[in-house]
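Please consult the sequence and the structure shown below while reading.

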Amino acid sequence: MSDLIEYFNRLSNGIFDMGLSPFAGLGETVQVVVVALLIGAAVAAVFHCILDRNRLQRARTDLRANLFEVWLYRHDPMIVLWAQWELVRANVRYVSTLAPALLVGMVLVAPILVQSYHRFGVEPVPEGTETLLIVELGDGGGDVSVEPELVWENGRGAITAMVREPVASRVVWRLRPGEPGIHTLNIVRGTRVEEFPLFAGSSLGQSVAQTRQPSSWRSLIQPRGAALAANSGVERISVDYPEADEDWLWSLTLVSLLAALVTNRAINVSRPQRMLYE
């Protein structure tokens, strides 16, 4: 399963980056709009293909009828009780009709939202600003007497002395990148070396890798970091990046809703459906 998750992450990273590459020079706002249009159109297409609109309309009509029945016969407890039971059944039919389209839509959109967060929701470390690099050691961490060491492989900057937290089984460094760009840090422990990228400066126009960890279900929400080997003795490597303003999320939400409405209207106009009542 871990190999399948790692393959899925690499595939989603590649597709997302390739899809936005033609818009890389147009700014973040344009890229957010492009992603939102894709999400809205995809959700509208899923609902059109999967949702049984006739059954949904019948369930909606039953809901209204049962509500009116409760009000109309409010002085007859037995009829009201029966109408409420039918109201529950109509609700179940309504939800069960929507559920398949909702589930497929969520599965389709979730990887795009995760990729969007790492692209637009996380900012590189500002130049001259300190941040934390945290290494969580696993049970198979090897000889505890061998202290990890952090060195710059590419780029330059300042590293403070390591702080060990035995209770949490982790070590922490405070970093200050000296120049903008993508730095490479090596975490050396004995003969084992783990690389980790550090993104510094202003917006670099690409997704930020916040963590590295062994491939697992948790990797699906952190797809950008290369998977650690299961026997590496390291549970997780992470950098404390600042989060971006939420403006991108509002734009993504509003534009995707508008795109879904427009796409749905276009589909209905091109392929009109006649509602059937039984």
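Apart from residues up to four places away in sequence, glycine 155 touches Glu179 and His183. The model in which these contacts occur is a predicted one.

**Glycine 155**

- Glycine 155 lies in the loop that connects strand E2 (149-154) and strand E3 (157-159).
- Between the C-alpha atoms of glycine 155 and alanine 59 the distance is 62 Å, at a sequence separation of 96 residues.

**Valine 171**

- Valine 171 belongs to strand E5, which covers residues 170-177.
- The relative accessible area of valine 171 is 0%, so this residue is buried, the cut-off being under 20%.
- When neighbours within four places in sequence are set aside, the contacts of valine 171 are Leu133, Ile134, Val135, Pro148, Met162, Val163 and Arg164.
- Glutamate 136 is 35 residues from valine 171 along the chain, and their C-alpha atoms are 6.6 Å apart.

**Architecture of the chain**

- The protein chain contains five helices and nine strands.
- Read from the N terminus, the order of elements is α-α-α-α-β-β-β-β-β-β-β-β-β-α.
- The chain is more spread out than a compact globule, because its radius of gyration of 26 Å is well over the 19 Å that the globule rule gives for 278 residues.
- Along the principal axes, the C-alpha atoms fill a box of roughly 80 × 45 × 35 Å.
- Of the 278 residues in the chain, 37% are buried.
- Considering contacts between residues at least 6 apart in sequence, 69% join residues that are at least 24 apart.
- The chain exposes about 16,400 Å², and 61% of this area is supplied by carbon and sulfur atoms.

**Largest pocket**

- The largest pocket holds about 330 Å³ of space.
- Its lining comprises 14 residues, of which Ser12, Ile15, Phe16, Leu38 and Ile112 are the closest to the pocket centre.
- At least two lining residues come from each of helix H1 (2-20), helix H2 (28-50) and helix H4 (77-121).
- Helix H1 provides the largest share of this lining, with seven residues.
- The lining of the largest pocket is made up of eleven nonpolar and three polar residues, with no charged residues.

**Second largest pocket**

- About 260 Å³ of space is found in the second largest pocket.
- The residues that line the second largest pocket are Val43, Ala44, Phe47, Leu51, Arg53, Leu257, Ala260, Leu261 and Asn264.
- H2 and helix H5 (247-270) each contribute at least two residues to the lining of the second largest pocket.
- With four residues, H5 gives the largest share of the lining of the second largest pocket.
- Seven nonpolar residues, one polar residue and one charged residue form the lining of the second largest pocket.

Note on methods: Residues numbered from 1 in each chain as written. Predicted model: local features only at pLDDT ≥ 70, side-chain atom pairs only at ≥ 80, totals over all residues. Heavy atoms only, no water. 1 Å grid on protein atoms, 1.4 Å probe; cavity = no way out; pocket = protein on both sides within 12 Å on 5 of 7 lines; lining within 4 Å. Points joined across faces, edges and corners; volume = space filled by probe spheres on them. Nonpolar A, V, L, I, M, F, W, Y, C, P; charged D, E, K, R; others polar. Rg over C-alpha atoms; globule rule 2.2 N^0.38 Å. Buried < 20%, exposed > 50% of the residue type's maximum accessible area, 1.4 Å probe, protein only. Contact = heavy atoms within 4.5 Å. Areas by Shrake-Rupley, 256 points an atom, 1.4 Å probe, with all protein chains shown as cover.
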